[in-house]
Amino acid sequence: MQQVRAKKALGQHFLKDASIAQQIAQSLVFTGRMPVLEIGPGMGILTQYLLQNPDIDLTAIELDKESVDFLSVNYPALHVIQADFLRFDLDILYPEGQFCVIGNYPYNISSQIFFKVLEYKDRIPCCSGMIQKEVAERLASKPGNKAYGILSVLMQAYYDIEYLFTVHEHVFDPPPKVKSAVIRFVRNDRKKLDCNEQLFRQIVKTAFNQRRKQMRNSLQQLVGKGNPVLQNPVFGKRPEQLTVEEFTALTNLIEKHGCAAADAAHR
């Protein structure tokens, strides 16, 4: 069987271990028959197990033409779209209803992939797959840990996140320089945040961009220098100390006391 050449520019590291691929395929959680989008199938080691599940209506999206050609020959029943997931309009593929997302994600764009999943959070009940171990730890991290950051807060606001297992370098061709991990997101019961969600995202990003500083300093640009609200004890904390609920309360506090950021978020 003709093999696909791994391309460094696309961050390709092909999984060789079929048992791990099978575990990843079984990591999705959903009820009934479900459309599933696989991102970056490569040579189809994960694809083959997804196709075996009668409850999965599978579509794959792959940027690499060589991989697309390989899949077309070896998995003729598979619907493959040659496109960049980050630029692809998912409403064209799924104009209505729910769908799940899975993949052995390119490590260099995994965070961007999950930010796009967030855009469809009300339609994606489950997302799972393999990413760099460090990113997986960050996503699943709880408040108070060094790994806890922007992606942790924004994803945990809408998903329950579970770090499933670690994958070592030797099961890939070519082997990456880092360990990998399989992670799962399951949509939680929170329909929307009890605050201005646009301002919430801005506050989270601004606070963590200067994560070593107390938020009295990092958020000063949002609330205005000398604003009395900065005397509230919450501004004496660092962002990694706050839960999603506390960031929600902070957002309401900032909006209540007025600031340029809150005004902009309303426009």
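Which residue forms a salt bridge with aspartate 91? The legends below take up this pair first.

**View 1. Aspartate 91 and arginine 123 form a salt bridge.** In this predicted model, local features need pLDDT of at least 70 and side-chain atom pairs count only at pLDDT 80 or more, while totals for chains, interfaces and linings use all residues. Residues are numbered from 1 along each chain as its sequence is written, and side-chain values use heavy atoms, with hydrogens and water left out. The closest N and O atoms of aspartate 91 and arginine 123 are 3.1 Å apart, a salt bridge being a side-chain nitrogen of Lys or Arg within 4 Å of a carboxyl oxygen of Asp or Glu. Aspartate 91 sits in helix α4 (residues 90-93) and arginine 123 in the loop between α5 (110-119) and β6, 32 residues apart; helices (H or I, at least four residues) and strands (E, at least two) are DSSP runs numbered from the N terminus. Aspartate 91 is partly exposed at 38% relative accessible area, whereas arginine 123 is buried at 17%, where buried means under 20%, exposed over 50% and partly exposed in between (1.4 Å probe, protein chains only).

**View 2. Glutamate 162 and arginine 184 meet in a salt bridge.** The N to O distance is 2.8 Å, and because glutamate 162 lies in strand β7 and arginine 184 in strand β9, the pair ties together parts that are 22 residues apart in sequence. Glutamate 162 counts as partly exposed, at 40% relative accessibility, while arginine 184 is buried, at 15%.

**View 3. Seven strands form an open sheet of mixed pairing.** The strand order is β4-β3-β2-β5-β6-β9-β7, two strands being paired if DSSP finds at least two bridges between them. Strands β4 (79-82) and β7 (159-167) stand at the edges with a single partner strand each, so one side of each is left without a neighbour in the sheet. Strands β2 (residues 34-39) and β3 (residues 56-62) run parallel and are joined by six bridges, and isoleucine 39 has isoleucine 61 as its bridge partner in β3.

**View 4. Phenylalanine 235 belongs to the largest nonpolar core.** Such a core is a set of buried Ala, Val, Leu, Ile, Met, Phe, Trp, Tyr and Cys residues joined through side-chain atoms within 4.5 Å. Of its 59 residues, Leu139, Phe235, Phe247 and Leu250 touch the most other members, and helix α8 (residues 197-208) gives the largest share, six residues. Beyond its neighbours within four places in sequence, phenylalanine 235 is in contact (heavy atoms within 4.5 Å) with residues including Met215, Leu219, Leu250 and Ile254.
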